[in-house]
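Colleague: Please take one part of this model and go over it closely, with the cut-offs stated as you go.

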Amino acid sequence: MENSKHPFIPYGRQSIDEDDIQAVVDVLKSDYLTTGPEVEKFEAKVADYVGAKYAVAFSNGTAALHAACFAACVGNGDEVITTPMTFVASANCVLYQGAKPVFADIDPETYNIDPDGIRKKINGNTKAILPVDFTGQPCNLDEIMELAKEHNLIVIEDAAHAIGATYKDSKVGSIADMTMFSFHPVKHITTGEGGMITTDNKDLYEKLHQFRTHGITRDPSLLNENDGPWYYEMQFLGYNYRITDIQAALGSSQLDKLEGFIERRREIVGQYNKAFRSLNELITPFQHTDGDSSWHLYVIQLKKDLLSIDRKQFFEELRQANIGVNVHYIPVHLQPYYQELGYKKGDYPIAEDLYEQTISLPLFPTMTNEDVQYVIDTVKGLIKEHQIG
Ligand SMILES: *Cc1c(COP(=O)(O)O)cnc(C)c1O
């Protein structure tokens with residue numbers, strides 16, 4: 001490689017501009033740093049953007065998933081079906097409620113949970129399905145919603161990767177019973193830490209809202225008694241999962257730019273696809289025509305039979321070249337904690353096999369064309385250097 005290294009390119013990062021900074025400063029100068037007007041404003045904006053009736057913001061996406069499991073009445077003895085090809089939070093939220101995550105393997109093309117696999121795992125204890133829109137590509141929502149209806153299950157869609165994605169002309173966030181978005185800095189829009197659930201169901205909305213603040217309500221229509229204007233009731237055990245007004249104002253400002261962010265992500269994906277599609281040594285991301293991905297991640301699969309180096313070496317070479325590649329994901333059931341719970345290696349072979357050969361290339365809106373070209377040239381160079389035959 002060259003002597004002078006290209007500056008480090010992370011796999012993902014936030015895009016913050018002066019408007020965002022001003023929005024935060026304005027809150028810092030205002031009366032409310034938390035439980036003020038910015039939270040409701042952000043919730044209304046996201047609900048409006050995705051086309052949902054209600055939205056509840058949380059301190060992070062994981063808290064939002066926990067609240068969704070609570071609102072879906074997931075509890076002791078219940079099972080929730082999810083994918084192993086996800087971040088641990090998608091399954092941990094089920095454990096938080098004392099219930100059991102049940103994994104169903106992925107579709108080898110889309111890498112999303114396979115509805116046929118879900119069908120086989122449904123039994124009398126199943127309470128919910130928790131699919132993930134992996135990399136921003138919507139999961140097979142029609143089939144999953146149909147299955148849920150048939151078996152009276154709640155669908156909690158983990159759309160941490162998928163704000164702005166569409167499925168058959170509907171925005172993700174308007175389809176499942178509850179949809180979760182994350183605002184971690186590597187995601188499409190950020191609040192530092194933050195998350196949200198969107199829903200059309202008023203009962204779920206009220207539960208989510210109350211769960212966020214210790215299980216407390218002040219809503220006169222929900223109170224058992226009313227001692228006076230100070231009165232509130234804690235009606236179940238909730239948490240302090242609130243988001244601050246500082247974060248919410250940042251989120252609102254970021255949301256205004258989401259469409260532009262996604263457009264830029266799609267441009268970069270187009271450049272990657274054009275450069276890599278003709279290479280036999282790797283597989284570019286398959287896109288189903290039912291959906292339009294918001295492209296959180298660009299995941300390539302290396303064909304190990306056609307390369308003289310393995311994924312680990314390929315990964316290390318890219319890191320050596322200052323390209324901050326990553327791997328999404330280590331299948332959840334392979335984590336030591338899950339192994340101790342009794343989940344077995346070998347049970348989800350498609351996810352396990354995918355994990356062995358993927359690399360996520362950098363993808364974020366402020367990547368320059370020069371950054372993109374550098375990644376392309378480096379990947380192509382490595383393939384040329386290590387191709388077999
Ligand atoms: C980021 C992420 C989460 C958790 O969101 P946080 O806001 O980091 O708590 C959950 N599921 C998936 C698939 C994610 O990528």
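**Cysteines, cavity and ligand**

Modeller: The sulfur of Cys-139 lies 15 Å from the closest cysteine sulfur, that of Cys-93, which is too far for a bond. This is a predicted model, in which local features need pLDDT of at least 70 and side-chain atom pairs pLDDT 80 or more, while totals for chains, interfaces and linings use all residues. Numbering runs from 1 along each chain as its sequence is written, and side-chain values use heavy atoms, without hydrogens or water.

Cys-139 is buried, at 1% relative accessibility (under 20%, with exposed over 50% and partly exposed in between; 1.4 Å probe, protein chains only). Cys-73 is partly exposed, at 44%. For Cys-73 the closest cysteine sulfur belongs to Cys-69, and at 11 Å that is also too far for a bond. The structure holds zero disulfides (cysteine sulfur pairs within 2.5 Å).

The largest cavity holds about 60 Å³, the space filled by probe spheres set on joined grid points. Its lining consists of Glu-109, Thr-110, Tyr-111, Phe-134, Thr-135, Gln-137, Pro-285, Phe-286, Gln-287 and Val-299. By class, five of these lining residues are nonpolar, four polar and one charged. At least three come from each of domain 1 (18–255) and domain 2 (258–386), with bounds from an automatic or database assignment.

Turning to the ligand, 16 residues surround it, the closest being Gly-61, Thr-62, Asp-158, Ser-182 and Lys-187 (a heavy atom within 4 Å). A polar backbone atom of Gly-61 is 2.8 Å from a ligand oxygen atom. From the side chains, a polar atom of Thr-62 lies 2.6 Å from an oxygen atom of the ligand, and one of Ser-182 lies 2.8 Å from a ligand oxygen atom.

Methods:
1 Å grid on protein atoms, 1.4 Å probe; cavity = no way out; pocket = protein on both sides within 12 Å on 5 of 7 lines; lining within 4 Å. Nonpolar A, V, L, I, M, F, W, Y, C, P; charged D, E, K, R; others polar. Polar contact = N/O pair within 3.5 Å; in protein donor to acceptor, adjacent residues only side chain to side chain.
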